[in-house]
Amino acid sequence: MIRELNKMTWCDVEALNKEKTYFLFPVGSVEQHGPHLPLGTDDLILTNVLSGVLESEDTMSGELDVDGKEANILCLPPLLFGNSHEHYSFPGTISLSCNTLVSILEDVLASISEHGFNKLIVFNSHGGNTDLIKAYSQEWEQRFSVKVFLISLWSSLYGEGDEPSIFISDANVDIHAGERESSLLMHYEVESVKSDLICSDISRDVSFKPFYSGWQTDEISTGNGTLGYPEHASKEKGAEYARFLVERTIEIVNMIINE
Ligand SMILES: [Zn+2]
């Protein structure tokens, strides 16, 4: 069963079987998405997928199970900012520092732990948050006695399974404001997409190398902030992909609760 924490009372929460209860914390970002998509693109995708998950019959939304025969998922209010320093040179990008994001997550973990719960699923829609959360998850488990699971919409394994083969561009290159995100926005909120400003902006190699170095979007794009192929986007692709994201998220949550 999945429920929004903000709609419950403390008595509802206290009655739950702690071993079978998972808190789900959605995290997004406010950052540039090229000249054609809004700064809140990651947040729009996050909240729309989340709504789909909450509304889906597959998620068993209904009464929470106090006997603990089934898992309970308690969805926290989303954090609509993330760590976006790679886009910092573009106006409107609002980035939490690594320290701030870690502190917020640690305060959530401390609160969960204080009340005897021991599982947190971070549901993340911004690639820049992923490595930071991964790096801390072992330490957090040790310090807070809370197991941390991470579902990242753009991680390489997220799309495994039955991802619809609707996209022309390679997912490893179409990484930001490209075919995938632009299609989703056309589906969710077409009026916020400036179609006349859509312009592919990959002039340099964005593929991964055998070493890592910090990077800035304006170093690897020609300047408009798009890293991908939005010219291939369509509303129809967005509708199909949006359905897939909801189904795949439910599938991964089920994998976690059956671990
Ligand atoms: Zn994005």
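User: Quick one before we start: what counts as a helix or a strand here?
Analyst: Helices (H or I, at least four residues) and strands (E, at least two) are DSSP runs, numbered from the N terminus. This is a predicted model, where local features need pLDDT of at least 70, side-chain atom pairs count only at pLDDT 80 or more, and totals for chains, interfaces and linings use all residues. Residues are numbered from 1 along each chain as its sequence is written.

User: OK, how many helices and strands are in the protein?
Analyst: The protein has 7 helices and 5 strands. Starting at the N terminus, the elements go β-α-β-α-β-α-β-α-β-α-α-α.

User: Let's look at strand 4. Buried or exposed?
Analyst: All 6 of the 6 residues of strand 4 (residues 119–124) are buried, so the strand is largely enclosed by the rest of the structure. Buried means 20 or more other C-beta atoms lie within 10 Å of a residue's own; exposed means 12 or fewer, partly exposed is in between, and C-beta atoms are placed from the backbone.

User: Which residues sit on which side of it?
Analyst: Lys-119, Ile-121 and Phe-123 are on one side of strand 4, with Leu-120, Val-122 and Asn-124 on the other. In a regular strand the side chains alternate between the two faces of the sheet.

User: And which strands does strand 4 pair with?
Analyst: Strand 2 (residues 21–27) pairs with strand 4 in the parallel sense over 5 bridges, and Phe-23 stands opposite Leu-120. Strand 5 (residues 147–152) is also parallel to strand 4, over 6 bridges. Pairing here takes at least two DSSP bridges between two strands. Lys-119 has Lys-147 of strand 5 as its bridge partner.

User: How does the chain cross from strand 4 to strand 5?
Analyst: Through helix 4 (residues 127–144), in a right-handed β-α-β crossover. Right-handed means that, with the strands pointing away from the viewer, the path from the first strand over the helix to the second runs clockwise.

User: Switching to helix 7. Which of its residues are buried?
Analyst: Lys-237, Gly-238, Tyr-241, Leu-245, Val-246, Thr-249 and Val-253.

User: What do those pack against?
Analyst: The buried residues of helix 7 pack against helix 2 (41–55), strand 3 (72–75), strand 4, strand 5 and helix 5 (179–189). Contact means C-beta atoms, placed from the backbone, within 7 Å.

Methods
Contact = placed C-beta atoms within 7 Å.
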